[in-house]
Protein chains: 2
Amino acid sequence: MTIGTDAPRRTRIQQEKRELILEAALDVFSTNGFRGSTIDQIAEAAGMSKPNLLYYFRRKEDIHETLMQRLLDTWLAPLRELDDIGDPMTELRSYIRRKLEMARDFPRESRLFANEILQGAPRIMPLLAGELKTLVDEKAAVIRGWMRAGKIAKTDPWHLIFSIWATTQHYADFDVQVRAVLGPNRGGDGRFEDAARFLEQLFLDGLKPKG
Amino acid sequence: MTIGTDAPRRTRIQQEKRELILEAALDVFSTNGFRGSTIDQIAEAAGMSKPNLLYYFRRKEDIHETLMQRLLDTWLAPLRELDDIGDPMTELRSYIRRKLEMARDFPRESRLFANEILQGAPRIMPLLAGELKTLVDEKAAVIRGWMRAGKIAKTDPWHLIFSIWATTQHYADFDVQVRAVLGPNRGGDGRFEDAARFLEQLFLDGLKPKG
DNA sequence: CAAATTTTTGACCGATTGGACAAACGTTAG
DNA sequence: CTAACGTTTGTCCAATCGGTCAAAAATTTG
């Protein structure tokens, strides 16, 4: 373990309470957006008084910033794992599956991110144009290599990545709509397996009838 | 005299000013969400004082509600036009194209809708489970018919519709991210044509290499 | 024209917002 | 124990929020 360059030393209570706050803030921010969320809401969700919360995070923005930093690390992990080794079609399929699992298991994180982007990404724009773009360009090159080798159909790698993001995150960000449209029967827990089956077929064969 | 909620008789000024307000509110709501937007912001964007704005819409919610009602009509028009006549594959392709055009031409409307859904659709839930579900079920039946007839590949019609929504609206809702990742060159006006080409190929043939 | 009506504004209200602060309380090391 | 330090709370503040109201200004109508 590295002795932190600027990682502040924290007591046991500080670590615990900060986690508690971040957990509560994830709930609140992901459903109300940044401006729509209040410190009081977060404090109440975390079971503490507002001044107490402000003792651990001096400003509302600090909570959001900490949340966003943690989020991006785990959120982009599946894409980072997309690797040149192994069968390309299998790699893509498992990337799609992992992204869909994240939409299922971490919907709040997805919505937090969606809220930020929707509102113009005022707080993470540099990250998008920097770290994210670099990563996507890198993986687009890998995908392009697969296309050149004839392993997958030739198309636009960047838009391919967008389409995977869009289709999978849709099940977290638009969950309310998905469940409302599917109704009580098909909108239950099985909807993610249905989605997985559909997406696999879509990205593999498209819609053209077999013949 | 006050402008009644169910008094449709309006003067010329009332019609003009209400349009002005709705136009300004679309800007503000779509980028800040409902709770994140203030009446002052909308009033300033509309070039009038707050009390003056409140003379035309008594409550902040009234503006939002009017906006949402208008939105849904035009927003679902492309799906309504999805018809049983004509070649199924062509029908789907033109539906995708129309949805993508709407994402390009009406991004604020898309974001307004996305904001509402993201935050749990508190104001339009009945519409989702009612009107929207009915429409989607109806069109899903049409698509299912095409599948039974062997005109397109057999898959889940509901999730197919979701995937079309997700991939097309992504270019409006996540526009900032799309442009940041594509960079100045590929992120220009041509990005929608690139997206159209990609989506056509995806939904037609998928990614499996031709052979 | 003048009266009636519609539109616009400045001043104001109570509630809520993000945040400051000192005092009180709890914990721990010497 | 006690002093030092970490934690919690009640109180308070200025700014902003959605919305009201009476009166002024502009427009329409007779």
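## The surface near DNA strand D

Sorted by class, the residues of the surface near DNA strand D are seven nonpolar, five polar and six charged. The model described here is a predicted one. In this model, 18 residues surround DNA strand D, and the closest are Ile13(A), Pro51(A), Thr38(B), Pro51(B) and Lys60(B). Two or more residues of this surface come from each of four elements: helix H1 (12-36) and helix H3 (50-56) of chain A, and helix H2 (39-45) and helix H3 (50-56) of chain B.

## Gln14(B) in helix H1

In chain B, helix H1 covers residues 12-36, and Gln14(B) lies in this helix. With 13 other C-beta atoms within 10 Å, Gln14(B) is partly exposed.

## Chain A: fold and domains

The secondary structure of chain A consists of 11 helices and zero strands. Its pattern along the sequence is accordingly written α-α-α-α-α-α-α-α-α-α-α. The C-alpha trace of chain A spans about 65 × 45 × 30 Å along its principal axes. Of the 211 residues in chain A, 39% are buried. When contacts in chain A between residues at least 6 apart in sequence are considered, 65% of them join residues at least 24 apart.

The domain assignment divides chain A into domain 1 (12-63) and domain 2 (76-205). The C-alpha centres of these two domains of chain A lie 29 Å apart. Six residues from domain 1 of chain A and five residues from domain 2 of chain A take part in the contact between them. On the side of domain 1 of chain A that touches domain 2 of chain A, there are two nonpolar, three polar and one charged residues.

## The nonpolar core

The largest nonpolar core has 104 residues. The residues with the most contacts inside this core are Ile21, Ala25 and Ile42 of chain A, together with Ile21, Ala25 and Ile42 of chain B.

Which residues does Ile42(A) contact, leaving aside its neighbours within four places in sequence? The contacts of Ile42(A) are with Ile21(A), Ala24(A), Ala25(A), Val28(A), Ser37(A), Leu53(A) and Ile63(A). Two of these partners, Ile21(A) and Ala25(A), are also among the core residues with the most contacts.

## How chains A and B are arranged

At the interface, 56 residues of chain B are in contact with 56 residues of chain A. On the chain B side, at least two residues each are supplied by H1, helix H7 (107-118), helix H8 (125-148), helix H9 (157-173), helix H10 (175-186) and helix H11 (191-205). The largest share of this side, nine residues, comes from H9(B). Classed by residue type, the side of chain B that touches chain A has 29 nonpolar, 17 polar and 10 charged residues.

Terms used. Residues numbered from 1 in each chain as written. Chains lettered and ligands numbered in written order. Predicted model: local features only at pLDDT ≥ 70, side-chain atom pairs only at ≥ 80, totals over all residues. Buried ≥ 20, exposed ≤ 12 C-beta atoms within 10 Å, placed from the backbone. Domains from an automatic or database assignment. Contact = placed C-beta atoms within 7 Å. Nonpolar A, V, L, I, M, F, W, Y, C, P; charged D, E, K, R; others polar. Near = placed C-beta within 6 Å. Core = buried A, V, L, I, M, F, W, Y, C linked by C-beta atoms within 7 Å.
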